[in-house]
Amino acid sequence: NGRPRRPLPPSWLLGVLLAVFALGTVLSAVFVFTTVRDIVAAWRVTSQNPPTPEPVAQVTDSETGVIVPVATPKPGDTPVPTPEVGAWTGTDRVTILVMGIDRRQGEDEKGYLTDTMMLVTMDPSARTAAMLSIPRDLWVTIPGYGLNKINAAYPLGEMNKTPGGGPALTMLTVEQNFRVDVHHFATVDFRGFVTVVDAIGGISVEVPYPLKDDAYPTDDGSNYMRFYIPAGLQWLDGATALRYARSRNFDTDFGRQRRQQQVLQAIREQGLKLDLLPRLPEFIRLLSGSV
């Protein structure tokens, strides 16, 4: 009923086939080994150790917590010139770059981002003045360092020890991107701002609508707090005025700029009401460590 079995090949034939298979395996292994050896031998080894990456300086944005890398100048980059300031004639327009930096009490390291940037220009002949706020996240060309956010100019100048440091590099950045002459600068930290407002007894500000910020950074920057201010005419002390001017969660960045200009105008008005100009030397001594 079943099919007849095929006869097995002779044992000598099985031995020959096994020998051929073994020989083919050995030859294949030798071929693969020699091929890989020749490829590896052709590689050019330039160093026994992996290259060490260049260190990149970093600063942390106090409001967003984002770590911002700051570049260093590369060979062939445009050198950073030193700003030149001529003698003032008494009638020429004067433009000052005002910068608020996020330095807090107890912090000694350099590399602060400019939290606020504002051009204040005065025309003595016409007896007029104007303010122009510059968005801190504006994408510009920083001389000698290429494209970056404009608020990175200050730490770049400080960390890389450019002529004049962070203020000079920021002035040059504004001049070259806005095509205006910047004659002087002023920087103020958080402590200095609070000191100014408290020294004049606070300021009166018309808040346009209720403002609430559930993620305002605490004084030490380690956490967040809730800040609320109702609409209407409000009397603000130094700490409250700083929060009102700094908050980025009330509205847009343009709203923040309007609030900062509003606070500066309120400081001016309060100072004039109190006739504080004769006390200017006293205020200079008071703010010597912060402005």
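Colleague: What should I know before I start?
Modeller: Residues count from 1 along each chain as its sequence is written, and side-chain values use heavy atoms, without hydrogens or water. Local features need pLDDT of at least 70, side-chain atom pairs count only at pLDDT 80 or more, and totals for chains, interfaces and linings use all residues, since this is a predicted model.

Colleague: Which strands stand at the edges of the open sheet of four strands?
Modeller: Strands are DSSP runs of E, at least two residues, and helices runs of H or I, at least four, numbered from the N terminus. Two strands pair if DSSP finds at least two bridges between them, and here the order is β5-β4-β3-β8, with mixed pairing.

Colleague: In β8, what is the bridge partner of M99?
Modeller: β3 (residues 94-101) runs parallel to β8, with six bridges. In β8, M99 is bridged to T187.

Colleague: How do α4 and α5 lie to each other, oblique or roughly parallel?
Modeller: Axes are lines fitted to C-alpha atoms, for helices over the stretch in contact (heavy atoms within 4.5 Å), with angles from 0 to 180 degrees between N-to-C directions. The axes of α4 (residues 190-199) and α5 (residues 238-246) come within 8 Å and cross at roughly 125°. Under 35 degrees is roughly parallel, over 145 roughly antiparallel, 65 to 115 roughly perpendicular and the rest oblique. So α4 to α5 is oblique.
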